[in-house]
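Thanks for asking me to look at this one with you. Have the model open as you read, and check each point for yourself.

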Amino acid sequence: MTDRAAIALSLAGLSKAFGGLSAVDRVNLEVAGGERRAIIGPNGAGKTTLFSLISGETEPTAGRIALFGRDVTRFSPHRRAALGLARTYQITNLFPRLTALENCLLAVQALTGAKFHLHRALHRYPAFFARAHGVLEAVGLNDKAGEAVRNLSHGEQRQLEIALALAGAPRLLLLDEPTAGLSPAESHAMTALLKKLDPAITLLVIEHDMDVAFALTDRITVLHYGKVVADGLAHEVKANALVQEIYLGTS
Ligand SMILES: Nc1ncnc2c1ncn2[C@@H]1O[C@H](COP(=O)(O)OP(=O)(O)OP(=O)(O)O)[C@@H](O)[C@H]1O
Ligand SMILES: [Mg+2]
């Protein structure tokens, strides 16, 4: 018998239409706890929309979403986060004038619901500080804690976004193109960082760079016009003729 809770994420017939456009079209997907899964597909395939459906920022036209065995289709984004879901965005979502540490502190406190004044009585919040430093360390940015975000490199800013997503100790983490716009060296650093994340965290990564997708994950799901057109081990997906045609452009 399958342990329902061992399935981190389950999507059944999940669909989203924008007017006449089927952005996500009857997607069925199961991701096991602790699994690392890449979602690939051409521009406009529906990858980001799929993440917004999972996080609850977009309402589905049809279908069901279950997190850790629990139907969350009607849950608010906040309730899903409380169950252990976190995501990053394709576009940067940081406060540029605040320091790396302050950005983390805000992310930590946002999840507690406690009243918190950034520039007042900081010593009153030792647990928040410990947590904020912990997530900075997890992404290798501890030495940049006091640096304003706008002075960080693009690669460091993307690392910081991962730190913010880790603030709530998520069990399922959705990363939307974590290496987008990065130099080869920065992309390499990001891949190494993601590989070092707690293996208990289930990871779903939208990734355009196939090398990164293959380095990070064992299983790959391919979206095309909102539909899952391939799903399997990296080498199987790589060898799939349809995938080569629509995505790799090799025929
Ligand atoms: N809010 C919206 N209103 C209308 N159409 C939308 C909306 N959001 C997305 N779309 C459309 O839905 C389709 C899927 O978009 P989505 O952003 O999910 O694709 P994607 O796979 O993430 O693409 P990319 O690789 O470029 O990030 C596209 O045709 C897009 O134009
Ligand atoms: Mg996208």
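Here are my notes, point by point.

1. First, the ground rules. This is a predicted model, where local features need pLDDT of at least 70, side-chain atom pairs count only at pLDDT 80 or more, and totals for chains, interfaces and linings use all residues. Residues are numbered from 1 along each chain as its sequence is written, while chains are lettered from A and ligands numbered from 1 in the order in which they are written.

2. Start with the open sheet: its four strands come in the order S2-S1-S4-S5, with antiparallel pairing. Strand S2 (21–32) and strand S5 (70–71) are at the edges with a single partner strand each, so one side of each has no neighbour in the sheet. Helices (H or I, at least four residues) and strands (E, at least two) are DSSP runs, numbered from the N terminus, and two strands pair if DSSP finds at least two bridges between them.

3. Now look inside the sheet. Strand S1 (residues 7–18) and strand S4 (residues 62–67) run antiparallel and are joined by five bridges. Ser 15 stands opposite Ala 62 in S4. Helix H1 (residues 47–55) packs on the sheet and touches S1, S2 and S4; contact requires C-beta atoms, placed from the backbone, within 7 Å.

4. What surrounds ligand 1? The shell includes Phe 18, Leu 21, Lys 47, Thr 48 and Gln 90, counting residues whose C-beta atom, placed from the backbone, lies within 6 Å of the molecule. H1 gives the most to this shell, with three residues, and S2 also supplies at least two.

5. Two residues deserve a second look. Most residues other than glycine have a negative phi. Arg 26, in strand S2, has a positive phi of about 50 degrees although it is not a glycine. Phe 68, in the loop between S4 and S5, also has a positive phi of about 50 degrees and is not a glycine.

6. Leu 136 touches Ala 100, Leu 101, Cys 104, Leu 141, Asn 142, Ala 145 and Ala 163, not counting residues up to four places away in sequence.

Technical notes: Two residues are in contact if their C-beta atoms, placed from the backbone, lie within 7 Å. Axes are lines fitted to C-alpha atoms, for helices over the stretch in contact, and angles run from 0 to 180 degrees between N-to-C directions.
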